[in-house]
Amino acid sequence: MEENSLYDKKSLREITGKSADWNEVAKDCVAFSNALGGVIDYGIEDDADAPPADQKVSEDIAINLEKKINGKTHNVSAHAEILTHENGGQYIRLHIARGTSSASTTSGKYFTRVSDNSVPLTGDDITRLSAEKGYYRWEDEESKWSWKDSDKEKLNMLLLNLRTSNRVSDFVKQKEDKELLDYYFLTVEESDKMTNLGVLFIGTQSQRGRLMNAPVVQCIQFDQYGDKVWKYLIDDFTKNPQEIIEAIWHNVPVWRESNEISDGLFRKEIPAYDEAVVRELTCNALVHRPYTVRGDIFINIHPDRIEVVNPGALPLGVTPQNILHKTVKRNEHFANLCYALRMMEREGSGYDKMYEVLLSNGKQIPKVEEGDDYVKAIVGRRIISQEAIKVIRYALQVAELRQKQIICLGLIALHESISAADLIKLLNLKNRDELSPWLDKLVDDGIVETSGRNRGKEYRVNASVLKQSDYKGTTSLKRIEPYRLRELIIEDLKIYECSGLKDIQLRIGIEIPYKKVLEQIKVMLSDGIIETEGENRWIKYKLKKR
């Protein structure tokens, strides 16, 4: 099992003998508690998947581990148990619960779990951590209204939608009305009172209006000069979250617009903004906003893009760079209910879906920006590559591709030719191994081909796929083979004799990636074809005299 945000493994030496590092143990426990909780296996080395077959663990070690954690941390709940692996070796599994309040070491240090690392929190991050714990409890808080006094129409519609949803199990569908409301945390199990989440979905207009920070959405359209030309406001608290999403989709005219592209003798229309993307962005804004912070949700519509602006910062551990992979449930029950009602994708897969839809339509991937007190998701309107659409549609006809592979193919088609390092960066992965599920099937099925070797290897859509998909893209030097690039550089240096790398790239073809030219220059230097003149910033290259 690989280490991640929910799992870690450590040598038994970390908690035994003179080499025991209890400060490190406390740090990891605090980090897991402040994030989503998790498990640490003590007795499995970093480079192993199982403990040594002859390893035995004393009960005293597990007891001492719990004692040390209690003495070294505040607000951490941890339980240790001794397990026996199938190979016969024993190890300690430490379960750390997700904290309901901020955890710290006894020395006053705070940490959280990001990927497979325990990272320190300082300054504003500690304030945000305390606030995050408050956000998580908001949806569970008991209101002063009974579910029997809710909006009967909204109540009946919600129960009907849950019982007809294919995302709800038959066991859950058979529950009585109150039991079903309890199951989705819309009511308090011990009483008839609605939770705050229940008021949002089945409360009356008056009840919802009295709820702290009930969502208000402003859709504002701007012209090319930045002036407001149209506004649609949802601020009367008559709608629950599901109705808000429906109202935004049906009442904003720009969603009906489309872009035309040629398809042989015919014309095809690509939506300016796909329905799945608009709904996912709107639902994300409602679900993931902090409901203890005041502020409206803004959907700003510009001629070339839309911006969905949410009050509050991203949850701790989530950044604009890792948002495609990182899952942190700020309002967990809200998210689960929206998934059951088919309002959004499963937690953590919403951005995957948007990537897939946008790339399949030849558009750029969504961009996320974080400010001091807001998060902004930006989706462009313009089609970047009509030919990429043809490539993806043809590939789906000849191969069974999963979502990750469609996203990867879309990125390769948009860039024409791209290195594994750049793909890893665009997808915010750690290494080539993590790229395998995204890329390898495309190569194995012959949809994507490689050029170059080792670090210079690049990936591009197979020429036969381009031909079969009726690709009509312009001829580009971006896909140039290394041996042809070498000849271009030689011919350039014959004419200009001594030149800097940037000047060479500008003359032979600006579309050729800088890294690709640099890689070929290094090969030519090692082969003795060219030599250098000058140093550092002033280094230039010239043909070696023979």
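Trainee: At what angle do the axes of H10 and H11 cross?
Mentor: This is a predicted model. Helix H10 covers residues 275-288. Its axis comes within 9 Å of the axis of H11. The two axes cross at roughly 150°.

Trainee: Are H10 and H11 roughly parallel or roughly antiparallel?
Mentor: Angles over 145 degrees count as roughly antiparallel. The crossing is roughly 150°. H10 and H11 are therefore roughly antiparallel.

Trainee: Which class of residue makes up the contact of H10 with H11?
Mentor: From H10 come Cys283, Leu286 and Val287. They meet Phe334, Ala335 and Cys338 in H11. No polar and no charged residues take part, and the 6 residues of the contact are nonpolar.

Trainee: How many residues of H10 are buried?
Mentor: H10 has 14 residues and reaches 20 Å from its first C-alpha to its last, close to the 20 Å expected. Its buried residues include Arg279, Glu280 and Asn284. H10 is largely enclosed by the rest of the structure, because its buried residues number 11 of the 14.

Trainee: Which strands do the buried residues of H10 pack against?
Mentor: Helices H9, H11 and H12 (350-360) are among the partners of these buried residues. The strands in the list are S15 (297-302), S16 (305-311) and S18 (374-380).

Trainee: Now H4. How far apart are its end C-alpha atoms?
Mentor: H4 spans residues 152-163, which is 12 residues. At 1.5 Å a residue, the helix should span 16 Å. The model agrees, because the end C-alpha atoms are 16 Å apart.

Trainee: Within what arc do the buried residues of H4 fall?
Mentor: The buried residues are Lys154, Leu155, Leu158, Leu159 and Leu162. An α-helix has 3.6 residues a turn, so residues three or four places apart point the same way. Seen down the axis, the buried residues of H4 line one face of the helix, because they fall within an arc of 130°.

Trainee: Which helices are included in what covers that face?
Mentor: The cover over the buried residues of H4 includes H5 (170-173), H6 (177-183) and H7 (196-202). It also includes H8 (205-210), H9 (241-251) and H11 (332-340).

Trainee: How are H18 and H20 oriented to each other?
Mentor: H18 covers residues 482-496 and H20 covers residues 514-526. Their axes come within 10 Å and cross at roughly 80°. Angles of 65 to 115 degrees count as roughly perpendicular. That makes H18 and H20 roughly perpendicular.

Trainee: How many charged residues does the contact of H18 with H20 have?
Mentor: H18 brings Pro482, Leu485, Arg486, Ile489 and Ile490. H20 brings Lys516, Val517, Gln520, Ile521, Val523 and Met524. By class, 8 are nonpolar, 1 is polar and 2 are charged.

Trainee: Is Glu497 buried or exposed?
Mentor: Glu497 sits in the loop between H18 and strand S22 (498-499). Its phi is positive, near 60°. The cut-off for exposed is over 50%. Glu497 has 57% relative accessibility, so Glu497 counts as exposed.

Trainee: What is the phi of Arg342?
Mentor: Arg342 lies in the loop between H11 and H12. At 49% relative accessibility, Arg342 counts as partly exposed. Most residues other than glycine have a negative phi. Arg342 is not a glycine, yet its phi is positive, about 65°.

Note on methods. Residues are numbered from 1 along each chain as its sequence is written. This is a predicted model: local features need pLDDT of at least 70, side-chain atom pairs count only at pLDDT 80 or more; totals for chains, interfaces and linings use all residues. Side-chain values use heavy atoms; hydrogens and water are left out. Axes are lines fitted to C-alpha atoms, for helices over the stretch in contact, and angles run from 0 to 180 degrees between N-to-C directions. Helices (H or I, at least four residues) and strands (E, at least two) are DSSP runs, numbered from the N terminus. Angles under 35 degrees count as roughly parallel, over 145 as roughly antiparallel, 65 to 115 as roughly perpendicular and the rest as oblique. Contact means heavy atoms within 4.5 Å. Ala, Val, Leu, Ile, Met, Phe, Trp, Tyr, Cys and Pro count as nonpolar, Asp, Glu, Lys and Arg as charged, and the others, Gly among them, as polar. The expected span of a helix is 1.5 Å times one less than its number of residues. Buried means under 20% relative accessible area, exposed over 50%, partly exposed in between (1.4 Å probe, protein chains only). The arc is that of the directions from the helix axis to the C-beta atoms.
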